[in-house]
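Start with the sheet and follow the chain from there.

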2 protein chains.
Amino acid sequence: VLCAKGIEQSTGRLQTEVAAEAVPGIVAAVLSGPSFAADVVRGLPTALTLAAADPDLGRRLADTLSDRRFRLYWSDDLTGVQLGGAVKNVLAIAAGILDGRQLGASALAALVTRGFAELRRFAQALGGRPETLMGLSGLGDLMLTCGSPLSRNMSLGRALGRGESLEAVLGGRRSVSEGIYTAGIVARLAAERRLDMPIATAVAAIVAGELGVDAAIEGLLARPLKAED
Amino acid sequence: VLCAKGIEQSTGRLQTEVAAEAVPGIVAAVLSGPSFAADVVRGLPTALTLAAADPDLGRRLADTLSDRRFRLYWSDDLTGVQLGGAVKNVLAIAAGILDGRQLGASALAALVTRGFAELRRFAQALGGRPETLMGLSGLGDLMLTCGSPLSRNMSLGRALGRGESLEAVLGGRRSVSEGIYTAGIVARLAAERRLDMPIATAVAAIVAGELGVDAAIEGLLARPLKAED
């Protein structure tokens, strides 16, 4: 059961695809969803998605690993679950930047809403199912990650938003902010498919040192008004 | 341009319907979305939905009322925009209850995710469009309202979650928590249509004094595990 999140930078492959190549014959499932380790350890209620290609295996794993406070819902959408978890880390960096710049809770909610539209557009283009992205491993994890300074990716974004350099932030941490590694490959895969992903693309450019935080924010605010959908 | 949120308790009608009856010939638009008044007054960036039945009017109102920091996206889905704004106030009470009981950020994210599924189910059954509910007036406002103690409905829920009685909470406030008045009619309309809305129904029962907070939480956690979608 794979619990990390990300997309292979050189190939754009998902972890289950990498695992299948590295360990021939492996049957990999994926566990993803809104669950700070601190909450799980304290026995607070959590609900996550357990994805396996074989629905019977998914159900069996969910039954075995669940208890009353740690509830797993099963799914057979390995692609949607993995892409949701990977992309939300990129969006969390953007959310952290807004928060670090003290732009307010209303702006943050708007950013996450528009970011979620990017996440859905991206994951569906790559084969994920819409319902998966609306679920715990998609929207649920996005809300948790973008709503709490406990999140590693959001706290990294906050430091950038406060004006610290990426080098300084990374030098001072031992934890991994997976979104840094995911941003570039998400932007590249989106560009190849001509998907409109202004937020994820801005994060990729900031992380690559090609765009300043203020210029990124101004660029997003300067987009023309339009119909909402 | 109507800015309040709710559903007429005795009839289940939307505000635009009530306005059309009260003021024959009126052309009512609706403004809704994630925007704490305090953020707007301080000139922080906000993005909202402006709905009007006539798309040209919607576009003209959005152009006229927007500036660089207060951005309106237009829509012609009056039903979806009004239902999203009304139901999110009910869900915010539930979010506040979890928060007041200190059940953790992971549980809160799961609750809001499942609550958003209820909101979509309800609004679509009553004629709202799915894309509207995924937008600023639906998901965006839900995230803001359920993510911040500044929200009136969430703070009312927090007081209930900490064990205060509804009478005591209401007696101590001058502001209106619209979700209290919306919960009952949402639960009734959902029951009439046989829509599964366990969270909104629990809030309605709590607000009506028919269900205790602990029993409501236990009831939600005791639901059987299942496939996610």
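Chain B holds an open sheet of three strands in the order 1-2-3, with mixed pairing. Strands here are DSSP runs of E with at least two residues, helices are runs of H or I with at least four, and both are numbered from the N terminus. Two strands pair if DSSP finds at least two bridges between them. Strand 1 (30-32) and strand 3 (70-75) of chain B stand at the edges with a single partner strand each, so one side of each has no neighbour in the sheet. From one strand to the next, the twist averages 30°.

This is a predicted model: local features need pLDDT of at least 70, side-chain atom pairs count only at pLDDT 80 or more, and totals for chains, interfaces and linings use all residues. Residues are numbered from 1 along each chain as its sequence is written, chains are lettered from A and ligands numbered from 1 in the order in which they are written, and side-chain values use heavy atoms, with hydrogens and water left out.

Look at the parallel pair. Strand 2 (residues 46-51) of chain B joins strand 3 of chain B through six bridges. B:Ala51 stands opposite B:Ser75 in strand 3 of chain B.

Helix 3 (residues 55-65) of chain B lies across strand 2 and strand 3 of chain B, at about 180° to strand 3 of chain B. Helix 7 (residues 136-147) of chain B also packs on the sheet, touching strand 1, strand 2 and strand 3 of chain B. Its direction makes about 140° with that of strand 2 of chain B. Axes are lines fitted to C-alpha atoms, for helices over the stretch in contact, and angles run from 0 to 180 degrees between N-to-C directions.

Next, a helix pair. Helix 4 (residues 78-100) and helix 10 (residues 178-192) of chain B pack at about 105°, with axes 8 Å apart. That makes helix 4 of chain B roughly perpendicular to helix 10 of chain B (65 to 115 degrees). The contact (heavy atoms within 4.5 Å) includes B:Val90 and B:Ile93 from helix 4 of chain B, and B:Ala183 and B:Val186 from helix 10 of chain B.

Finally, the two copies. Chain A can be laid on chain B with an RMSD of 0.0 Å by a turn of 180° and a shift of 0.0 Å along the axis. The copies are thus related as by a two-fold rotation axis. Superposition is by least squares on C-alpha atoms of residues with pLDDT of at least 70 in both. The model scores ipTM 0.91 and pTM 0.92.

How values were computed. Parallel < 35°, antiparallel > 145°, perpendicular 65-115°, else oblique.
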